[in-house]
Amino acid sequence: MSRRTRGPRARRRRRVLVWGAVVVLLVGAGLGGVAVWQNTYALREERVTVRHDGRLLDGVLARPANGAGPFGLVVFVHGDGAVDATHETFYRPVWEAFAKAGYASLSLSKPGVGASEGNWLDQSMDDRADETLAAIAWARTRPGIDGRRIGLWGASQAGWVLPKVAARDRAVRFVIAVSPAVDWQQQGRYNLLAELRKNGASRDETQTALRRRETTLDLLRQGATFERYRNAVGRNDGMTAERWRFIARNYRSNAAEDLRAMRGTPTLLVLAGHDINVDVADTESAYRRVLPPDSLTVRHYPDATHSLVDNAVENSEPRLTLTAVFAPRRLYAAGFLAEQHRFVRQFTDRQGTD
C-alpha cells in the first residue's frame with residue numbers, strides 16, 4: 001500500500017536531478033540555449049498564497065501570455081505524494097495547452113511541500129476537497145478570472161477529491177479526471193498484482209504478498225497502531241508512522257457514490273493503456289455507470305503510462321532525460337495535450353469571450 005505511490009515519485013525526483021546535471025553539461029557544450037528554449041512556455045506565472053484552515057498554501061497562478069482576461073481557470077488537484085505546485089515542472093506543458101485555449105491554471109503546493117504550511121499526510125480526502133474549495137473561492141476574488149468558467153483537473157488520487165468538490169460547488173464548469181482512482185482497496189490489489197507481474201514474481205511470492213496485504217487490511221479495520229503493524233508484518237517496506245496514519249484515514253475511500261454529484265457536469269475521463277497503478281477498465285465502468293453519455297467524454301491513450309507519459313519514453317532513462325531537456329512537451333502521450341486544449345476551448349467558445 002505504500003510502495004504503490006512512492007516509487008514513481010522517487011524515480012521522478014532522481015530524474016529531475018539527472019536533468020539538471022544534463023542541462024549543466026549541455027550548457028558547457030553550447031547546447032544550453034536549445035534546452036532553455038524548449039523549456040520556456042507561453043505563460044505568465046505568478047507566485048500566489050492561499051489561506052486555508054489557518055495555514056498559508058504556496059502556489060502558482062499561470063495565465064495566458066497575452067491579454068487581460070477575464071480568463072477561465074483550471075484548478076489542479078494533485079495525485080498522491082509530496083507534490084509541489086509545478087509538479088517538478090511536469091505541469092507546465094498542460095498549463096500551456098490550457099493557456100492557448102484562454103484559460104489560466106491554479107496549482108498549490110501540498111501542505112508541508114515548498115513554502116506551504118502543514119503536512120499533507122495529515123489529510124483525509126474530505127480535507128483535500130476543502131482545500132480545493134478554498135482555492136476556488138480565492139480565485140473568484142481575483143481580477144482577470146472568470147468565476148463562471150472554473151473547472152477542475154486532477155490525477156490519480158484526485159479521483160476521490162474531484163466528485164466531493166463538484167458536489168459542494170455546483171458552479172464548477174467541468175472536470176478533467178486523468179487516470180483517476182475509484183476504490184482505494186480495489187486499486188491497491190490491482191497495483192500490487194501488476195507490480196508483481198512486472199517484476200516476474202513467482203506464484204508463491206504472489207500468494208505471500210496477497211496474504212500480507214490481507215493482514216494489513218485487517219489491521220486497518222481494527223484501528224491498529226503503526227507499531228502493531230510493524231510487529232505483524234515484520235519487514236522493511238518503507239512504511240512510516242505518518243504514512244500509516246494517512247492510509248488509516250483514507251483506505252475506505254470509494255468514489256462510486258460521490259461520482260453522482262458530477263452528473264450533468266461535462267467530464268473528460270483520461271485513461272492510459274500501460275497503467276499499473278489504476279485499473280482503467282474498472283474506472284471506466286464506474287464512470288459510465290454513473291455519468292450520462294452526453295456529459296462524459298472518454299479518451300484512451302494506449303501507449304501511455306499512469307502519468308500519461310509515453311510508455312517507451314518512461315521506460316528508457318536516456319530517452320526520458322533527453323526528451324525532458326530537449327522536448328518536454330513530448331513527454332506526454334501523442335494527442336494528450338491537444339485534447340486538453342480542445343476540451344476546455346469549447347467552454348471558452350460558448351461564453352463568446354474569444
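1. T240 is partly exposed, with a relative accessible area of 38%; buried means under 20%, exposed over 50%, and partly exposed in between (1.4 Å probe, protein chains only). T240 sits in the loop between α8 and α9 (241-250). Its C-alpha atom is separated by 9.4 Å from that of R230, 10 residues apart along the chain. Helices (H or I, at least four residues) are DSSP runs, numbered from the N terminus.

2. This is a predicted model, in which local features need pLDDT of at least 70, side-chain atom pairs count only at pLDDT 80 or more, and totals for chains, interfaces and linings use all residues. Residues are numbered from 1 along each chain as its sequence is written, and side-chain values use heavy atoms, with hydrogens and water left out.

3. Helix α8 (residues 226-233) has F226, Y229 and V233 buried. Viewed down the axis of α8, the buried residues fall within an arc of 55°, so they line one face of the helix; the arc is that of the directions from the helix axis to the C-beta atoms. E227 and N231 are exposed on the other side of α8.

4. In helix α10 (residues 280-290), the buried residues are T283, E284, A286, Y287 and V290. Down the axis of α10 they fall within an arc of 160°, so they too line one face of the helix. A281 and R289, on the other side of α10, are exposed.

5. D127 belongs to helix α4 (residues 125-139). With a relative accessible area of 31%, D127 is partly exposed.

Notes. Helices (H or I, at least four residues) and strands (E, at least two) are DSSP runs, numbered from the N terminus.
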